[in-house]
Amino acid sequence: MPQTIARHPKALVAIHWVTAAAVLGAWASAEGGRAVVQNPPLVHFTLGLAVLVLVLPRLVLRLRGGGAQADSQFRPLAAATAAGHGLLYALLIALPLTGWYAASQMGVGVQVLGLDLPALAAPVQGRPGAIAEFHESAGSLILVLAGLHALMALWHQFVLRDGTLRRMSLR
Ligand code: HEM
Ligand code: HEM
């Protein structure tokens, strides 16, 4: 008998993949320290802020009940999946905000599509503090988490053969 799979709404699926590409692009275009001050990485800022803009409708869709729930019968596994997704969501919000804050502390203006955004913090002398360090570490952590998350999805798809990837398919 063909298995019926609860799919995520198309809007959520589209946002998922555009966000994944933007996170990867933001990571690849990231720079640290003096390079940021001398030549602000506008591509990094723009892709990073796109992640923040996209997380809002995504959360609304999820909170309104859109999106299939993890369907593991084993409660601890379902809880671990929910916690993993929750952590990814937390980083999708915290990363752009801490990056914007760090840029402001470095006295670097954040410009997106020619538009100047307001500074989130006053400029500081020397190295910016803990928020900037958090941003740099979390910027790599999200990639590791997303990698593990992708491996889990592939394991479900090709070892458990439960059609998990089809839940995130646009077709
Ligand atoms: C930075 C990259 C990524 C982030 C931040 C991310 C984040 C998320 C989040 C938060 C969810 C929960 C559903 C939602 O609210 O949208 C999810 C679901 C999912 N993701 Fe990702 N993801 C990323 C990359 C990937 C990649 C590369 C793959 C595949 C190889 C993948 C496959 C899936 C699948 C299949 C689901 C649905 C799981 C289910 O409903 O049981 N994701 N992702
Ligand atoms: C998902 C989004 C983002 C990811 C994955 C990310 C990732 C990173 C990473 C890995 C670094 C360290 C680079 C290095 O040291 O070589 C970094 C640095 C930085 N990012 Fe982001 N970033 C994101 C969003 C943003 C946004 C939206 C802004 C500003 C509007 C921003 C501003 C900065 C600044 C100013 C630095 C330099 C911090 C320092 O040198 O102390 N980032 N980012």
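Predicted model: local features only at pLDDT ≥ 70, side-chain atom pairs only at ≥ 80, totals over all residues.
The iron atom of ligand 1 is coordinated by the NE2 atoms of His16 and His149, at 2.0 Å. The arrangement around this iron atom is octahedral, because its six donor atoms subtend angles of 87 to 179°. For six octahedral donors, the ideal angles are 90 or 180 degrees. His16 belongs to helix H1, residues 10-28, and His149 to helix H5, residues 130-160, so the pair ties together parts that are 133 residues apart in sequence. The two histidines fall into separate accessibility classes. His16 has a relative accessible area of 14% and is therefore buried, the limit for that class being under 20%. His149, at 29%, counts as partly exposed.

The surroundings of ligand 1 comprise 20 residues, and the closest are His8, His16, Arg58, Tyr89 and His149. By class, twelve residues of this shell are nonpolar, five are polar and three are charged. Polar side-chain atoms approach the ligand at several points. In His16, such an atom lies 2.8 Å from a nitrogen atom of ligand 1. An N or O atom in the side chain of Arg58 is 3.0 Å from an oxygen atom of ligand 1, and for Arg62 the corresponding separation from an oxygen atom of the ligand is 3.2 Å. Two or more residues of the shell are given by each of H1, helix H3 (42-63), helix H4 (75-105), H5 and helix H6 (164-167). The largest share, five residues, comes from H1.

Thr19 is placed in helix H1. With a relative accessibility of 4%, Thr19 counts as buried. Beyond its neighbours within four places in sequence, Thr19 is in contact with Val51, Leu54, Arg58 and Leu92. Among these contacts is Arg58, whose side chain also has an N or O atom 3.0 Å from an oxygen atom of ligand 1. Phe134 is located in helix H5 and, at 40% relative accessibility, counts as partly exposed. When residues up to four places away in sequence are not counted, Phe134 touches Ala94 and Thr98. The C-alpha atom of Phe134 is separated by 9.2 Å from that of Gly99, a residue 35 places away along the chain.

For Leu113, phi is about 50°. Leu113 sits in the loop between strand S1 (110-112) and strand S2 (115-117), and its relative accessible area of 79% makes it exposed. For Arg161, phi is near 50°. Arg161 lies in the loop between H5 and H6 and counts as exposed, at 64% relative accessibility.

Key:
Residues numbered from 1 in each chain as written. Chains lettered and ligands numbered in written order. Heavy atoms only, no water. Donors = N, O, S within 2.8 Å, 3.2 Å for Na, K, Ca; no water. Tetrahedral: all angles 85-135°; square planar, octahedral: opposite > 155°, others 65-115°. Helix = DSSP H or I, 4+ residues; strand = E, 2+ residues; numbered from the N terminus. Buried < 20%, exposed > 50% of the residue type's maximum accessible area, 1.4 Å probe, protein only. Near = heavy atom within 4 Å. Polar contact = N/O pair within 3.5 Å; in protein donor to acceptor, adjacent residues only side chain to side chain. Nonpolar A, V, L, I, M, F, W, Y, C, P; charged D, E, K, R; others polar. Contact = heavy atoms within 4.5 Å.
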